[in-house]
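Try each task before you read its solution.

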Amino acid sequence: MFTETDNRSLDEIMKARRICRKFTDRVPSKEDVAAVVEAGRLAPYASISSGDVDVFRHFYVIFKDNPLLDKIEALIRSQSAADVAWLKKEMEKDSFLKEYGEGLEKMWTNVAEHGLPVFPNPPCLIIIAEWRGARRAERQSLAHTIQNMWLKATALNLDFNLISPIESMWDNQEFCDLFGLPTGRYGFHGCIVGYRQAEKLTSKPISAQVHWL
Ligand SMILES: Cc1cc2nc3c(=O)[nH]c(=O)nc-3n(C[C@H](O)[C@H](O)[C@H](O)COP(=O)(O)O)c2cc1C
């Protein structure tokens, strides 16, 4: 079905995929954004959970200059402050978190105090909501969705940022109300698509090992 050229293109796209933390003001076209969303729609889902509701995956596309962007950033900041307070308490009783939680505490504190580097007013924010289901597999489904979108964005020469703090919004009523979704019933993830401002990419080489047994 697929040619060697198709196969090589897939490898090239996977190799080219990189995080972007600084965007220009250029807004991506609606057509390209729709293609990115369609790639997310095609991602696998936890079928046992999906049967509970008519629409188990929603995409909300918010372009630059929409006042919703400021509201969402403010909610991310206040949620991050609440997450830091929660983390500090957990660190008192969880020895693993005590040992390894400091980096996360610093990052969340920074988001709470200064906001995210890709805000204010990013070129295009996409929020994805996935029905939670009894098994709580929505986070995996969201990760698959995000990955499809990221690869598609890369293939379209668009740049991409993941916004992990949006994952904490599942029980944030003000956030769920923005989208008319019931609080606590959907998991969330979010990403920015746009065009990269010249920046030095500092990612470490991927330190994975393969064990052929
Ligand atoms: C689960 C997960 C969460 C991530 N969250 C964020 C995030 O909130 N903000 C961000 O800028 N990058 C985020 N990233 C991107 C990673 O920092 C990035 O993939 C890593 O540094 C490797 O760089 P590369 O993607 O350019 O190869 C996340 C990646 C993963 C897998």
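This is a predicted model: local features need pLDDT of at least 70, side-chain atom pairs count only at pLDDT 80 or more; totals for chains, interfaces and linings use all residues.

**Exercise 1.** Leaving aside its neighbours within four places in sequence, which residues is histidine 144 in contact with?

*Solution.* Residues are numbered from 1 along each chain as its sequence is written.

Step 1: apply the contact criterion, C-beta atoms placed from the backbone and within 7 Å.
Step 2: read off Ala43 and Pro44.

**Exercise 2.** Is histidine 144 buried, exposed or partly exposed?

*Solution.* Step 1: recall the cut-offs on other C-beta atoms within 10 Å: 20 or more is buried, 12 or fewer is exposed, and in between is partly exposed.
Step 1: histidine 144 has 17 such neighbours, so it counts as partly exposed.

**Exercise 3.** How do the axes of α1 and α7 cross?

*Solution.* Step 1: take lines fitted to C-alpha atoms over the stretch in contact, with angles from 0 to 180 degrees between N-to-C directions.
Step 1: the axes of α1 (residues 4–16) and α7 come within 9 Å and cross at roughly 100°.
Step 2: the pair is therefore roughly perpendicular, the class for 65 to 115 degrees.
Step 3: the contact involves Ile13, Met14 and Ala16 of α1 with Leu151, Thr154 and Ala155 of α7.

How values were computed: Two residues are in contact if their C-beta atoms, placed from the backbone, lie within 7 Å. Helices (H or I, at least four residues) and strands (E, at least two) are DSSP runs, numbered from the N terminus. Angles under 35 degrees count as roughly parallel, over 145 as roughly antiparallel, 65 to 115 as roughly perpendicular and the rest as oblique.
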